[in-house]
Structures are given as structure tokens and as C-alpha cells.
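Subject: Structure handover

Hello,

Here is the structure I promised to pass on. My notes follow below it.

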Amino acid sequence: MKGAPLDPWPPLEEEVPAAPARPSQTKPAGIQARRFEWIDPAEIPRREWLLGRHLIRKFISATISPGGVGKSSLAIAEALSLATGRNLIGQQPFGRRRVWYVNLEDPYDELQRRVIATALHYGIDPADLDGFLYVNSGRDGGIVVARQERSGIVLAEPVLENLRTDILGKMIDCMMVDPFVSCHEVDENSNGAINAVATAWADLADRTEIAIDLIHHSKKTGGNEVQVEDARGASALLSKARAGRVLNVMSKEEAERAGIENRRSHFRVDSGKANLAPASSDAATWFKLESVMLPNGGKVKGIPLDGDSVGVVTAWQWPDAMEAVTVSHLREVQRRMAQSGPWRESVQSPDWIGNLIGEVMGLDPTAPKDRNTIKTALKAWLASGMVKVKTIQDESRKARKCVVVGELATD
């Protein structure tokens, strides 16, 4: 009716809870020198890690990986771990969190397959994820936060504002963007351009107080192991990230040492933003892709079809080389050493002590996995003083390092 008063508070289609602990923040137009405020060190807020030492509130992190290793499957497993508050793949989340996983490559039905297969494998009920897991496909609407135009890099402020509003409205704690290259339209080899994109994500993480993981492809390394510095394009993303990690598929040498036939179903995750040598294989964080069959088979023209097979990330432990080593083995090695020798320390010598250890334990010193067990046992016995290295002159009066009996083993 003309002249009727308008309702100043029109009804909302969906009422969402407010987030008083994380209010909207407005950045000041400029910066002024701020006098440092000393507070009681015990009152300083702790850094709020959400999972391990990779996802931290108010910062962006970067996950670097070649294609096909398992980065998306790992992100989904971590998202479900956070959403349920359960230790699914070897790390206990610091509380139950609301997670938003955005895959900008795969269609939504494929994401449903992956999420549901992971949930089925870990015995997660649909109710466990309701209101705690949000999943979007880029095919239903992408997220482009910046474009490169003639005038320079232009941030998509409406897109960023919409993200901020949705994150605060749904009280999201962690967002995963997979892959990073699909969230912008700038020159990925330009440090200035990538810095602008990374800064936009870092600013969003800071203003909404969430953790953001930007999942990124690595460049081709010619078959060499990937380091965090091998991220595709400019280095500005890694420089801006609070934490960085890299995924590598199990190498042939590692597979031989571990006795693994299908090495491509295993991958290792190393953390660090420096070009450091990777941790030893048996001390690194390892995962395995298990095949989960979905119950979505059927018949086509009377021909039965299997359900879809989906790879689900599971925790995997490097085999303990000392598990098969006993005190009886040590005593027998010592007994035979006292009756024969000298036994050499060098693996190149035909009289290498490892040959004797292998004979006692029924292992083949030429097989990588058995040789690793032999070397591990020898290292442990040397460290305990059960055997010792002693320099002895051979028949040619040349000094040789030999392994001799040390402290006798007892029960």
C-alpha cells in the first residue's frame, strides 16, 4: 500500500549465528608508530595451531606437491579430522573445527565420492560432519581473488568481501584452497603479482582469524625429489606463508628398503621453508593411499559393474628394522666373531661383518630391505658397546678398521 512504512528488518532466508569472538575488522588507512606495550609474558596468547605444525589461525600455509601424489586426498582426510576432532591420520587436532574445502578443479560429484569414501573408511557418520564441513567445486563457481589488467594487479574486492562474510557467518576455522593456481588470473612467475595474491589471502586469514592452506603444484624436477622451493612459479607464495610442506612419492630406493611393491601408493610429507635435506625415510611422516570401494555399483544391460574405487589417505609407519632382531641373534654373532675373523667394518669388504650378521639372522645382505636391517642392528650394537671398531694391522701391516666383540650380551 502506498505510504505504508517499510520493515527496517526484513526476514532473512537463513538465520546464522553471530561470531562475537571474531568481529569484522577494518584496516586503518595508514600506519603510525605504535609505542611498544610490555605485558606479563604469561598473558601472551599462544599461537593457535589447529592441526600439527602446519595449520595456524590468522596465517596462510602452503602445501607443495607434484600431480598425482595425493595432496587432495590428504587435504580431505585432514578436513575430516578437523571437522570431527578425531585423530584419523596420525595427528590429533587441537579441538573440533569448522572446515571449508574448496577444490577448484574437480566436479562436485567427484568431491562427494572422495569425502564419503574417506568417511566410510574411518567410520564417520553424516551427522558428524553436519555444520562442520563445507565443500565447494570450482565448476559450480570459482574463486578468482585477483586479475592482471593493463593498469596492473586488480584485487577482486567483492569476491574477498563475500568470502569474509561467509567465513564469519558460518564461523569457519580453516579454509583449504586446492589448487592455488586456479584462484587467480595473474602471471604466476611474477613475484609482485603472486605477492599481491598471497597478501590478499593472508589478509583474509588475519581479518577472519582462520587458518588457510593454499595447495599448490610443484614445477617439474626431472625426476628429482621435490623441495618446498620447487613450487611452481614465483617464490612469493612461500615467502608469505607461515608454514610450508612438500609431498613426495616413495622413491624406488625407499621402496626396496621398506619391502614395498607398489611404491606409488605411499608418499612422504616433509615440513620446512628452507632447502634442507629431507628427514631420513624411517623418521619422516608417511602416508598410504588405501583403495575404498563405494557401494554404487549396478548393472548396465544386465552386466554387473563394480562400485567406484577411491583412494583414501591413511597413516603409514616405516617398518621397524629392529623388530626382528633379538638378543639371541646378538649372542650368536658374538660367539662366531670370537671364533673367526677378523671382520671388517667396510661394506665393500668380502669380510664385512654384515655378512656374518645376515647369516645368523637368515637375511640376504645383497637385498636392500635385509641390508637395511643388518645395518640398523650393527649400528645399535655399536652404540651399546656390544661390538666395537678396532684398528688392526693386516698381513701386509696395513691398518684396517675391524669389528670385534665388545661387552658380552646377557639375558
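The protein has 10 helices and 18 strands. Helices (H or I, at least four residues) and strands (E, at least two) are DSSP runs, numbered from the N terminus. The radius of gyration is 28 Å, well over the 22 Å that the globule rule gives for 411 residues, so the protein is more spread out than a compact globule. That radius is taken over C-alpha atoms, and the globule rule is 2.2 Å times the number of residues to the power 0.38. Along its principal axes the C-alpha trace spans about 115 × 75 × 45 Å.

This is a predicted model: local features need pLDDT of at least 70, side-chain atom pairs count only at pLDDT 80 or more, and totals for chains, interfaces and linings use all residues. Residues are numbered from 1 along each chain as its sequence is written, and side-chain values use heavy atoms, with hydrogens and water left out.

The nine-stranded sheet

Nine strands form an open sheet with mixed pairing, in the order S5-S4-S8-S9-S3-S10-S11-S12-S15. Two strands pair if DSSP finds at least two bridges between them. At the edges are strand S5 (133-137) and strand S15 (309-316), each of which pairs on one side only. Neighbouring strands of this sheet are turned by 20° against each other on average, direction ignored. Axes here are lines fitted to C-alpha atoms, for helices over the stretch in contact, and angles run from 0 to 180 degrees between N-to-C directions.

Within this sheet, strand S8 (residues 174-178) pairs with strand S9 (residues 211-217) in the parallel sense, over four bridges. Cysteine 174 stands opposite alanine 211 in S9. The peptide bond from aspartate 178 to proline 179 is cis, with omega near -5°. Proline 179 sits in the loop between S8 and helix H5 (191-208).

One more backbone point concerns lysine 58. Its phi is positive, about 80°, although lysine 58 is not a glycine. This residue lies in the loop between strand S2 (55-56) and strand S3 (60-65).

The three-stranded sheet

A second open sheet has three strands in the order S16-S18-S17, with antiparallel pairing. Strand S16 (343-344) and S17 stand at its edges with a single partner strand each, so one side of each is left without a neighbour in the sheet. S16 and S18 pair over two bridges in the antiparallel sense. Arginine 344 stands opposite cysteine 402 in S18. Helix H8 (residues 327-339) packs on the sheet and touches S16, S17 and S18; its direction makes about 130° with that of S18. Contact means heavy atoms within 4.5 Å.

Strand S17 (residues 387-393) and strand S18 (residues 399-405) pair in the antiparallel sense over seven bridges. Lysine 388 stands opposite valine 404 in S18. The hairpin of S17 and S18 has five residues between the strands, and there arginine 397 takes a positive phi near 60°.

Helix pairs

Helix H1 (residues 71-84) and helix H2 (residues 108-121) pack at about 55°, with their axes 10 Å apart. They are therefore oblique to each other. Angles under 35 degrees count as roughly parallel, over 145 as roughly antiparallel, 65 to 115 as roughly perpendicular and the rest as oblique. The crossing of H1 and H2 is right-handed. A crossing is left-handed if the near helix is turned anticlockwise from the far one by less than a right angle, and right-handed if clockwise. H1 contributes Ser72, Ile76, Ala77 and Leu80 to the contact, and H2 contributes Arg114, Val115, Thr118 and Ala119.

The axes of helix H4 (residues 157-169) and H5 come within 10 Å and cross at roughly 30°. H4 and H5 are therefore roughly parallel to each other. Their crossing is right-handed. Leu160, Leu163, Arg164, Ile167 and Leu168 in H4 meet Ala200, Trp201, Leu204, Arg207 and Thr208 in H5.

Helix H9 (residues 353-361) and helix H10 (residues 368-384) pack at about 110°, with their axes 10 Å apart. H9 and H10 are therefore roughly perpendicular to each other. The contact joins Ile353, Gly354, Ile357, Gly358 and Met361 of H9 to Thr373, Ile374, Leu378 and Trp381 of H10.

Best wishes
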